[in-house]
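User: Got a model open here and I'd like to talk through its aromatic residues. Can you help me read it?

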Amino acid sequence: GFLLFHSFGGGTGSGFTSLLMERLATEYQRKNILDFAIYPAPQVSTAIVEPYNAVLTTHSAMEHHGVTFLVDNEAVFNICRNKLDVPMSSYKELNQMIAQVVSSVTASLRFDGALNVDLNEFQTNLVPYPRIHFPLVTYAPIVSVSKAGHERNTVDELTSSCFQPGNQMVICDPRGGKYMACCLLYRGDVVPKDINAAIANIKTKRTIEFVDWSPTGFKIGINGAPMTTVPGAIQAQAPRSVCMLSNTTAIVEAWSRLDLKFDLMYKKRAFVHWYVGEGMEEGEFAEAREDLAALEED
């Protein structure tokens, strides 16, 4: 399959990638496309026309993506500040964090494990309906090198920390929504017995709700190779780690924030002439906005 990395807010990241996606989807119909997208953050912004770009690219690529993992810069900045004690982190630290997630996702392709998960299975297990393919990404343990000695990191602790908003890579509160599907990818020194106990523990918690029509709710991957870090990284290595990909209804929060910004600008038709000058029509904006409103309803 294909792994795509792009941003939702920039011109190339949104426009060029949408075109690329369409071509890939038509020419390689049977291949999986996993997509890691940098989502526009609530406060931190790198471009003024970000809401337009994000709404348009979501609309055009809605039909083509297999799975889109959303990562939001502000959430990763917060993780660096709160968990890794880096007050002023650069994109280097952010990329190292995202690389850990990608590494966990592809670990089963590269190493043998007790329970392997291939790229096809992400799609099958995480996407209940073709349009709802935007899982949240969570990673644990995120510990700085200076504190690494004090952490026990049992399977139970790691699993429950995955459900905390502080470890999430998109700013939204999962306690306000319901989970449709969860994929837990464990690495390192982990045995299935501990995982089963941890999941049974999660199911007893009041704050973590699953939708009625998803009785099992969990997909597990176990891989023997522990996580590694690049030399000079601020994140400490751990004997066991977990990456959670969860499809939850709480992500609506992120979409409605984006739609609000889009509406504020589009009401005054601000900056629209640049898009029209490049050959787009105003109707496409309204259509894209309606598509996202439908996504919120879904």
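User: Tyr39 first: buried or exposed?
Analyst: Tyr39 counts as buried, at 3% relative accessibility. The cut-offs are under 20% relative accessible area for buried, over 50% for exposed and partly exposed in between, with a 1.4 Å probe and protein chains only. Bear in mind that this is a predicted model, where local features need pLDDT of at least 70, side-chain atom pairs count only at pLDDT 80 or more, and totals for chains, interfaces and linings use all residues. Numbering runs from 1 along each chain as its sequence is written, and side-chain values use heavy atoms, with hydrogens and water left out.

User: OK. How many aromatic pairs are there?
Analyst: The count is 19 aromatic pairs. Rings of Phe, Tyr and Trp (its six-membered ring) pair if their centres lie within 6.5 Å; planes under 30 degrees apart are stacked, over 60 edge-to-face, and the rest tilted.

User: Why is the pair of Phe8 and Tyr39 called tilted?
Analyst: Their planes are at 55°, so the pair is tilted, and the ring centres are 6.0 Å apart. The two residues are 31 apart: Phe8 is in the loop between β1 (2-7) and α1 (11-27), and Tyr39 is in strand β2 (residues 33-39). Helices (H or I, at least four residues) and strands (E, at least two) are DSSP runs, numbered from the N terminus. Phe8 is buried, with a relative accessible area of 3%.

User: And what sort of pair do Tyr129 and Trp213 form?
Analyst: An edge-to-face one, 5.9 Å centre to centre with 65° between the planes. Tyr129 lies in the loop between α5 (119-126) and β4 (136-140), and Trp213 in the loop between α7 (192-204) and β6 (218-223), 84 residues apart. Tyr129 is partly exposed at 45% relative accessibility, and Trp213 is partly exposed with 46%.

User: What sits over the ring of Tyr266?
Analyst: The charged end of Arg269, 4.0 Å from the ring centre. The rule asks for NZ of Lys or CZ of Arg within 6 Å of the ring centre and within 35 degrees of the ring normal.

User: Switching topic: where is Asp291?
Analyst: In helix α10 (residues 282-297). Asp291 is buried, with a relative accessible area of 12%.

User: Which side chain does Asp291 contact?
Analyst: That of His59, through a polar contact of 2.9 Å. Such a contact is a pair of N or O atoms within 3.5 Å; within protein, one must be able to donate a hydrogen and the other to accept it, and residues adjacent in sequence count only if both atoms are side-chain atoms.
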